[in-house]
Amino acid sequence: MHEKTAKTTSSYDESLTRRAIDLAEAGRGRVSPSPLVGCVVVSNDGEIVGEGAYIFSEVTHAEIYALNEAGERARGGTAYVSLEPHAHHGRTPPCTEALIKAGIKRVVCPMEDPNPLVSGKGFQELESAGIEVVRGILKDVAEKQNEKFICWHRNRRPFVHLKSAMSVDGRVATKTGDSKWITSASARQYGQQLRYEYDAILVGADTVRADDPALTDRTGKPRDRDLLRVVLDSSLRTDPGSRVVSTAPEHPTLFVAGSEGESKAEEIRGSGAEVAVIQGGPRNVSVVLDELYTRQITSVIVEGGPSVAGSFVESGLVDKFTFFLAPKIIGGEAAPAAIGGEGPSALTEAIGLRDMTFELVGPDLMITAYPSE
Ligand SMILES: NC(=O)c1ccc[n+]([C@@H]2O[C@H](COP(=O)([O-])OP(=O)(O)OC[C@H]3O[C@@H](n4cnc5c(N)ncnc54)[C@H](OP(=O)(O)O)[C@@H]3O)[C@@H](O)[C@H]2O)c1
């Protein structure tokens, strides 16, 4: 079942680290609020004897799956783990303890746990037990895989991914607000896959008014946490007959309002949706993210519309962008552009993008990028 391998070289370490990272993908969409983790155990004669991945609801950690599969053959072997093994008692006993007990002699791991409370402690414990720890191989790849988890711990707020579908001239609707659909069914299906990977989806009150969207994850894939639908609506003016309100009993829904919405809060709550009335109202997206943080929301996909997108961009609180560009031109001064807000006066103030990738999804061009530091 498992391939037999030759001696220990750095390219060999790299390929097995990659294998551990690939294994971790089994948990995508199923680990929040924990990280994606994969593990490969190689015996001292170079055979892969155990593999594992973490899925939150299964509780057992990747290292434990791999060690259990390896059994006695782990003794004297190497464990490739995509994230620093934890040294503390959480829902499970420490993985460091299990690695030590199994007689592992070497641990190869690309990155430290970003949680400041435990960061580096797992490595320390392994080294104190005489285990060689090799760090940093494929660090960038491993960090990208756990970008949501890293943001959550380092910035103490959810990872924010802004997604927008537009014409090649950057319009998200016509001058009359017609927006269904700009992009193809393939792009919309891809958008569903993105929703699958997030804890929450967020829109503004005018998108609910204009499109009456369901804002659900329709991939049909198993989720460990329901997708939380978040609507920013200062005065709670959303129609109680809207789809998002009427389906609140089946799909968790949170309205974020200001004090001007208090009089309507009971009616919305009566529908089964939650209402959070926050200081200063939802115009301050940093406070909105604080509210989501207290609810253990580690990641949020912002799907519009332009005003809300503008607020996030101007606050510098977007971690990742995905733009779908449809092969059509809408044009017209009054047709809304993807990102609203004030906008900068000088080009030097424009937001630079890095690590841009392009992919055709059906007839549409998907651009994914990160804001430059
Ligand atoms: N192509 C796409 O990808 C896409 C996606 C979504 C929407 N759309 C289109 O975009 C249009 C709606 O967009 P929109 O820009 O008019 O409205 P929007 O961004 O959906 O909602 C704006 C409203 O949300 C409320 N809000 C609360 N907190 C906010 C904040 N921090 N920042 C901004 N607004 C906040 C404000 O109302 P209060 O002051 O009352 O709270 C504001 O008027 C529709 O035509 C829709 O079809 C397109």
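The model is predicted: local features need pLDDT of at least 70, side-chain atom pairs count only at pLDDT 80 or more, and totals for chains, interfaces and linings use all residues. Residues are numbered from 1 along each chain as its sequence is written, and side-chain values use heavy atoms, with hydrogens and water left out. Helices (H or I, at least four residues) and strands (E, at least two) are DSSP runs, numbered from the N terminus.

**Ligand site**

- The ligand is surrounded by 26 residues, a residue being counted if one of its heavy atoms lies within 4 Å of the molecule. The closest are Ala165, Thr207, Ser234, Ser307 and Ser311.
- By class, this shell holds 10 nonpolar, 10 polar and six charged residues. Ala, Val, Leu, Ile, Met, Phe, Trp, Tyr, Cys and Pro count as nonpolar, Asp, Glu, Lys and Arg as charged, and the others, Gly among them, as polar.
- On its own the ligand has 910 Å² of accessible area, of which the protein covers 86%. Accessible areas come from the Shrake-Rupley method with a 1.4 Å probe; for residues, only the protein chains shown count as cover.
- Strand 6 (159-167), helix 8 (205-211) and helix 12 (306-314) are the elements that give two or more residues to the shell. Helix 8 provides the largest share, five residues.

- Five strands form an open sheet of mixed pairing in the order 2-1-3-4-5; two strands pair if DSSP finds at least two bridges between them.
- Strand 2 (48-53) and strand 5 (132-135) are the edge strands, each pairing on one side only.
- Neighbouring strands are turned by 15° against each other on average, direction ignored. Axes are lines fitted to C-alpha atoms, for helices over the stretch in contact, and angles run from 0 to 180 degrees between N-to-C directions.
- Strand 1 (residues 38-42) is antiparallel to strand 2, with five bridges between them. Glu51 in strand 2 is the bridge partner of Val40.
- Helix 2 (residues 62-70) lies across strand 1, strand 2 and strand 3 (78-81), at about 150° to strand 2. Helix 4 (residues 121-128) packs on the sheet and touches strand 4 (106-109) and strand 5, making about 145° with the direction of strand 5; contact means heavy atoms within 4.5 Å.

- Nine strands form an open sheet of mixed pairing in the order 10-9-8-7-11-6-12-14-13.
- Strand 10 (274-277) and strand 13 (353-361) each have a single partner strand, so one side of each is left without a neighbour in the sheet.
- On average, neighbouring strands of this sheet are turned by 20° against each other, direction ignored.
- Strand 9 (residues 253-257) and strand 10 are parallel and share four bridges; Leu254 has Glu274 of strand 10 as its bridge partner.
- Helix 12 packs on this sheet, and the strands in contact include strand 7 (200-204) and strand 11 (299-302). The helix direction makes about 110° with that of strand 7.

**Backbone features**

- A cis peptide bond, with omega about -10°, joins Lys180 and Trp181; Trp181 lies in the loop between strand 6 and helix 7 (185-196).
- The bond from Gly304 to Gly305 is also cis, with omega near -5°. Gly305 is in the loop between strand 11 and helix 12.
- Val59, although not a glycine, has a positive phi of about 60°; it lies in the loop between strand 2 and helix 2.
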